[in-house]
Amino acid sequence: MSKVIRLFKIVVVCTVLSLNLAAQTDRARQVKTFAGTNNLLKMEHSEKHQTLLDSAVRKTIDALSLKGVKAENVAATLIDLRDATTPKTASFRGNEKIYPASVVKMFYMAALHRQLEDGKLRMSPELERGLKDMITVSSNDATGYILDVLTGTSSGAERNPKEFKQWGEKRNSINRYFRSLGYANINVNQKTFCEDAYGVEQQFRGENGENRNMLTTDATARLLAEIATGKSVTIERSKQMMYLMERDWEKPTNNPDEKEFVSDALKPGMKLWSKEGWTSKTRHDAAYIETPDGLKFVLVVYTENFATERDIIPGIAEKVIKGLGEFK
């Protein structure tokens, strides 16, 4: 009988070890879900560009000082892409973590293209529709669908501790992907909502919102620059992303939500690719601009607690465009 018991114990131990190994393998697969090469931009900080950006932000803030706008309400990053070999960059509070609103959808778009390129996902008419609506009309419903597809998660009731941990590991696969590319100080694992999150989504966000999406203007500008220069995933996929972000800003519109962003600082003939975001407390724009006289640059501006102040973003953009045009 004792031999039988010992044999039984050996079988149990072997089974547990096998299960643990399988679990570790599954976790490894999850971590590698977004694996792939990326020809990263080698950017160089420029004091000349820093002086320009600082001046543009400060002058805009000073003009709105009577309305209470302060430096702590604004963050901005500039990347001059005229020299494609070594883009020049500057930032104003560029590493401050700020709730990104719909700008985060640009990160989900890039992550989706990575999975498509790796063969982890296949494009379908429904996936194509969701991707388009997430970027072109900034649909929150489409964004939720894309995030579910990317991470193998879905909304619903709260999970018990074990299930919640597994669910969270899957949802955090996007964070792991961008971390593998060197992105830091960001959190991109939440859906966007018109009203609020419920069930497991609220559970994951945290009682005090401690796990909300957070981005910096530096990280946002970097991704947009990589897309604009064909270095996000592949050249072809970068082109597809640019196609969705192209804006016909000269087309007349009666929608006030399409105004008072970078586009208000542009002049006829200038081209714009962008992803905007706004809530009751934030107003952001991530823009890539090309001008007839050869300017090529990324400008990302985030504002906090002054969402209804519509002069901040175009004010900064106008001064940056003018200043860049004067650089030799």
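Mentor: Start with helix 7, residues 173–180: six of its eight residues are buried, so this helix is largely enclosed by the rest of the structure. Buried means under 20% relative accessible area, exposed means over 50%, and partly exposed lies in between, using a 1.4 Å probe and protein chains only. Helices (H or I, at least four residues) and strands (E, at least two) are DSSP runs, numbered from the N terminus.

A word on the model itself. It is predicted, so local features need pLDDT of at least 70 and side-chain atom pairs count only at pLDDT 80 or more, while totals for chains, interfaces and linings use all residues. Residues are numbered from 1 along each chain as its sequence is written, and side-chain values use heavy atoms, with hydrogens and water left out.

Back to helix 7. Its buried residues are Ser173, Ile174, Asn175, Arg176, Tyr177 and Phe178. Just after the helix comes Gly182, with a positive phi of about 95 degrees.

Strand 5, residues 271–278, is also mostly covered. Six of its eight residues are buried. Now see where strand 5 sits. It belongs to an open sheet of seven strands, in the order 1-3-2-7-6-5-4, with mixed pairing. Strand 1 (44–45) and strand 4 (246–247) stand at the edges with a single partner strand each, so one side of each has no neighbour in the sheet. Two strands pair if DSSP finds at least two bridges between them.

Strand 4 and strand 5 run antiparallel and are joined by two bridges. There, Glu246 stands opposite Trp273 of strand 5. Next, strand 5 pairs with strand 6 over eight bridges, again in the antiparallel sense. Trp278 faces Arg283 of strand 6 in this pairing. Three residues lie between strand 5 and strand 6, which form a hairpin. Then strand 6 (residues 282–290) meets strand 7 (residues 296–304) through nine bridges, and these two run antiparallel. Asp285 stands opposite Val301 of strand 7.

Ser46 lies in the loop between strand 1 and helix 2 (47–63). Ser46 is buried, with a relative accessible area of 10%. Its side chain makes a polar contact of 2.8 Å with the side chain of His49. A polar contact is a pair of N or O atoms within 3.5 Å; within protein, one must be able to donate a hydrogen and the other to accept it, and residues adjacent in sequence count only if both atoms are side-chain atoms.
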